[in-house]
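Please look over the sequence and the model before reading on.

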Amino acid sequence: MASTALLLLLLPFVLFSQTLAQASINITGILAEGGQFSTFLRLLGESNLISQLENQLDNSHEGMTILAPSDNGFNALKSGTLNSLNDQQKSQLLLFHVLSKFYTVTDLQTVSNPTRTLAGDWGLNFTGQPNSNQVNVSTGVVTVEINNKLREKSPLGVYVVDEVLLPDALFGKHAGVPPPRAPGPRADNSPDEGTPPESDAANPASDETDGGVRNGVGLGLVLGIGLIAISLLF
């Protein structure tokens, strides 16, 4: 009887410990399994954005949505398009494909426009087609249909687009405008005005450390309560 009571008492703490120990969502694995995103994956790796996105996803309460351009989309770009961008602009282009919240495809049919991306103030516009599940996304330069789902489960949605989403600020009539700074207070030692701004996915190291500290404290609390419960029963 006492052993049964002990198990019932400790069950919530065991479940909580397992939750803390759950592995991060593997964005690379999801895209690789899709089989047609090698260019997108390569660029994310070269820009060191994969770990930043996964860390931000782990620490976000609102989730994330990725609009993944296929290899066909990159192959359709004009020759030299990517080479014309510096490293900061390439990162901004990639983050322009990431929404700072989890949306289902149905959500995107009625979402408020422009919808915020991790590229700062550069937003995307979504339009749903009446009596269908079709959703188009527009950047002001290109308009393309979302035509497939790699994942549609909170906290992460990954949807396929067959064109690279080219921001107007880089490829439209506003080309040459510096990447926008995400809203928020600036530190006293913020960079000079001419320095390209950091994206919303920047500075992951501190978040990762904070997440590890929180997890460590949580596990310690669970084990401590469990030991106290055992000592009281015996």
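This is a predicted model: local features need pLDDT of at least 70, side-chain atom pairs count only at pLDDT 80 or more; totals for chains, interfaces and linings use all residues.

Residues are numbered from 1 along each chain as its sequence is written, and side-chain values use heavy atoms, with hydrogens and water left out.

**Overall make-up**

The protein has nine helices and seven strands. Helices (H or I, at least four residues) and strands (E, at least two) are DSSP runs, numbered from the N terminus. Of its 234 residues, 39% count as buried; buried means under 20% relative accessible area, exposed over 50%, and partly exposed in between (1.4 Å probe, protein chains only). The protein exposes about 13100 Å², and carbon and sulfur atoms supply 53% of that area. Accessible areas come from the Shrake-Rupley method with a 1.4 Å probe; for residues, only the protein chains shown count as cover. Contact means heavy atoms within 4.5 Å. Among contacts between residues at least 6 apart in sequence, 67% join residues at least 24 apart.

**Helix α3**

Helix α3 covers residues 38-46. Its buried residues are Thr 39, Phe 40, Leu 41, Leu 43 and Leu 44. These buried residues pack against α2 (27-34), α4 (50-58), β1 (64-69), α5 (71-75) and α6 (87-95). After α3 comes Asn 48, which has a positive phi, near 55°.

**Strand β1**

One of the elements that α3 packs against is β1. Six of the six residues of β1 are buried. In a regular strand the side chains alternate between the two faces of the sheet. On one side of β1 lie Met 64, Ile 66 and Ala 68, on the other Thr 65, Leu 67 and Pro 69, and all are buried.

Two strands pair if DSSP finds at least two bridges between them. Strand β1 is joined to β7 (residues 156-161) by six bridges, and the two run parallel; here Thr 65 stands opposite Gly 157. Two bridges join β1 to β2 (residues 98-99), and these strands run antiparallel. In that pairing Ile 66 stands opposite Val 98.

**Salt bridges**

A salt bridge is a side-chain nitrogen of Lys or Arg within 4 Å of a carboxyl oxygen of Asp or Glu. A search of the whole structure finds two, listed here.

| Salt bridge | Distance, N to O | Relative accessibility |
|---|---|---|
| Glu 46 and Arg 42 | 3.2 Å | Glu 46: 52%; Arg 42: 43% |
| Glu 152 and Lys 149 | 3.0 Å | Glu 152: 31%; Lys 149: 45% |

Glu 46 and Arg 42 both lie in α3, four residues apart, about one turn of the helix. An α-helix has 3.6 residues a turn, so residues three or four places apart point the same way. Glu 46 counts as exposed, whereas Arg 42 is partly exposed.

**Aromatic pair**

Rings of Phe, Tyr and Trp (its six-membered ring) pair if their centres lie within 6.5 Å; planes under 30 degrees apart count as stacked, over 60 as edge-to-face and the rest as tilted. The count comes to one aromatic pair. The ring centres of Phe 96 and Trp 122 are 6.2 Å apart and their planes stand at 85°, so the pair is edge-to-face. Because Phe 96 lies in the loop between α6 and β2 and Trp 122 in strand β4 (residues 120-128), the pair ties together parts that are 26 residues apart in sequence. Phe 96 is buried at 1% relative accessible area, and Trp 122 is buried at 10%.
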